[in-house]
Amino acid sequence: MKNCKIYCNGLLYEAPEGVCLGDFLRERGFDGLVCGGHGKCGKCRVTVSGALSEPTETEKKALSGKDLKAGVRLACQTYVKGDCTVNTKENGSAVVQTGGAALDYPLMPSFEKYGAAIDIGTTTVALRLYDAHGSLLSVQSGINPQRRYGADVVSRMEAALSGSAADLASLIRKYLCSLLRAAADDAGIKAADIDGAVITGNTVMLHFLTQSDTEPLTHAPFAVKRLFGETLSAGSLGLDVLCKETPVYLPRCVSAFVGADTVTALVSVPGITKRKTCVLTDIGTNGETVLIHDGALYACSTAAGPAFEGAGITMGMGGSDGAIDKVTVNDGRISAHVIGEVPPVGICGSGIVDAVASFAELQIIDETGYMEDGEAVVIPPVVITEKDIRAVQLAKSAIHAGIKTLLDSAGLTCSDAETLYIAGGFGSYLDVKNAARIGLIPKELQERVTVLGNAALSGAAALLLSSPLKESSYELANNVKLVNLASNPVFVREYTDGMYF
Ligand code: FES
């Protein structure tokens, strides 16, 4: 039996002739096989070209003629006959973020056996474990334990200045060790066999991890002494579940406020820097936005707060079982979807965006965000309070104003942007129409949005799996020009106007 080349999401694999595409993808983390590959759900849609089996009767029933013509197939019904190309982006939410857009690069891993890509967010931490073929073995995530020192980076830096720097470092190091251990267990390997890692994060998070002095980051002119773009040993980072000498790469940051996470988010979109005009915004506790225009990169950062990460909201939570992730209005009544089909216990970022948009539609809140009863039920027992609405208002107007100001600073308007990429852990499930409805993104850009999900992590995975990207991401970071929003009258105006619904 001959081996065939499968170019999947930009990465090259080899697989034996006759393999079922569904099985091939399942081994690489694809979770679109909703009915288990029995041809019943029609959810395993992928786009293909090359030497593959002819469409089956099942596919002819499930797919339109137009789809089949465009190369759309059901992965579980399709068999590899020779070299072919497969793209799982067609499958939208059903793709575990195996890198998604991130893996459009040659497979040249910076490890021999297993590698970990990690994103340390201010609120959440996420990890993906890969083998040297680029297969995703495990995904782990959780809440950054540094939160006990405050939800935002400023309070944590204050804590570091008051003598807690060592504890802040130790908290994240221990937590990373526990995620690495969990991923190794999940994959049935030894954590010590993980022989390479890339850890991205905002500038402050990387300072805490390396126990670097954050004092210069707390006041103007925010002169950063350490911007990373360096390889350290696991031992020096206290990652004692790994072998001491295991190389850990920390990607380059741009400034105190535009971190390595933004740089890796950019890397996750191949060819983004070659685009005429586009915008990428990473919605996390800080909203970092980058404008790419005629080969130049401009960036800004706004303090959005953690509302869209489900934190700082009365019943907010991450996107796990029990979280309301989708809210709709049908015949004037609110209905909601709960992750895991279990009774609701809280609401995550995408649900919050939907809920606020629904409240606005049903006039439960007015355009100022005022709520007559001080709170409103999404579905019992989950409520959103007026205080939560305020947190959403601050976050959404900060992001919105950042995008508009950045475009304005280059003499552009929304009509010039070809694409608005939205990155951020919650992004995969974001309802773009509702995001525009509440003013999180400019309405004019609604039709041009591409949602990326956790692009910072995807970019870290790309650096891990395609080593030359480390150098190009370093250069990319050095080429970004910063736009100061604090004194910018356009930002002040847009921020104030953007508070309304
Ligand atoms: S997995 Fe259900 S149709 Fe393919």
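Visitor: Which residues in α6 meet α10?
Guide: Asp261, Thr264, Ala265, Leu266 and Val267 of α6 do so, and on the α10 side they meet Ala455, Ala456, Gly459, Ala460, Ala462 and Leu463. Contact requires C-beta atoms, placed from the backbone, within 7 Å; helices (H or I, at least four residues) and strands (E, at least two) are DSSP runs, numbered from the N terminus. This is a predicted model, in which local features need pLDDT of at least 70, side-chain atom pairs count only at pLDDT 80 or more, and totals for chains, interfaces and linings use all residues. Residues are numbered from 1 along each chain as its sequence is written.

Visitor: And at what angle do the axes of α6 and α10 cross?
Guide: Roughly 75°, with the axes of α6 (residues 260-267) and α10 (residues 455-465) coming within 7 Å. Axes are lines fitted to C-alpha atoms, for helices over the stretch in contact, and angles run from 0 to 180 degrees between N-to-C directions.

Visitor: Changing topic: what is the strand order in the open sheet of three strands?
Guide: The order is β16-β15-β17, with mixed pairing; strands pair if DSSP finds at least two bridges between them.

Visitor: How many bridges join β15 and β16?
Guide: Six, in the antiparallel sense, with β15 covering residues 323-330. Val327 has Ala336 in β16 as its bridge partner.

Visitor: Which helix packs on that sheet?
Guide: Helix α7 (residues 349-361) does, touching β15, β16 and β17, and its direction makes about 25° with that of β15.

Notes:
Contact = placed C-beta atoms within 7 Å.
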